[in-house]
Amino acid sequence: WQDPCFDLWEEVFGHHYYTRKVMKKALSEGARLARVLGDGDAANWYSEQARLLDFEIAKHWDSDRQIIRATIEPVSTFNGPKLGLDTAVILAGLHVGDDLSDYRYVKTAQALEKSFREIYSVNKFGPAGTAIGRYPEDGYYGGNPWVLTTFAFAEFNYKLGQSLLKQ
């Protein structure tokens with residue numbers, strides 16, 4: 001988890017929120033399994049690695065821009081520079097089962113939706129919803145809304161609504 005890798009879209013080599021969140025979840029689940037299997041040393045090691053990852057994950061919060069940055073410390077990019085906004089952050093929250101009412105997810109989702117409303121002409125036809133792409137600077141095949149990322153935002157908003165109703 002300490003080494004840079006490629007992002008979810010295989011375009012940026014660096015340290016990625018999505019990858020770190022999934023690794024933390026895997027380490028936590030590994031610790032739980034190791035305890036069940038009676039391997040306390042492995043459980044402690046996995047737990048410690050997950051705890052250390054928390055410090056690295058926290059570095060992705062950009063308090064000035066009020067977003068979770070998808071990538072920090074990029075080493076190289078395949079498709080040009082990115083500003084940090086990326087639907088991979090929302091996918092991370094969905095895939096690891098985070099509390100999506102956390103203000104950092106909400107602020108990031110709002111910034112992404114605002115950005116995509118301005119970018120894609122399909123989003124100018126009314127309040128029916130916002131078509132969502134991968135990230136605002138996406139130039140792959142001209143950059144377009146993706147069905148999978150648009151559905152992910154629908155799922156995000158649905159789960160956010162459920163969470164807020166419970167609160």
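Tutor: The largest pocket has 13 lining residues, and those nearest its centre are Tyr 17, Lys 21, Ile 57, Asp 102 and Arg 104. This is a predicted model, in which local features need pLDDT of at least 70 and side-chain atom pairs count only at pLDDT 80 or more, while totals for chains, interfaces and linings use all residues. Residues are numbered from 1 along each chain as its sequence is written, and side-chain values use heavy atoms, with hydrogens and water left out.

Student: What counts as a pocket, and which residues as its lining?

Tutor: Rolling a probe the size of a water molecule over the atoms shows where empty space is left. On a 1 Å grid over the protein atoms alone, using a 1.4 Å probe, a pocket is an open set of points with protein on both sides within 12 Å along at least five of seven lines, and lining residues have an atom within 4 Å of a point. Here the lining divides into 6 nonpolar, 1 polar and 6 charged residues (Ala, Val, Leu, Ile, Met, Phe, Trp, Tyr, Cys and Pro count as nonpolar, Asp, Glu, Lys and Arg as charged, the others as polar).

Student: In what order do the strands form the open sheet?

Tutor: Strands of a sheet pair through backbone hydrogen bonds, either parallel or antiparallel. In this model the order is β1-β2-β5, with antiparallel pairing (strands are DSSP runs of E, at least two residues, numbered from the N terminus; two pair if DSSP finds at least two bridges between them). The edge strands are β1 (5–6) and β5 (71–77). Between β1 and β2 (residues 12–16) there are 2 bridges, and Cys 5 stands opposite Gly 14 in β2.

How values were computed: Helices (H or I, at least four residues) and strands (E, at least two) are DSSP runs, numbered from the N terminus.
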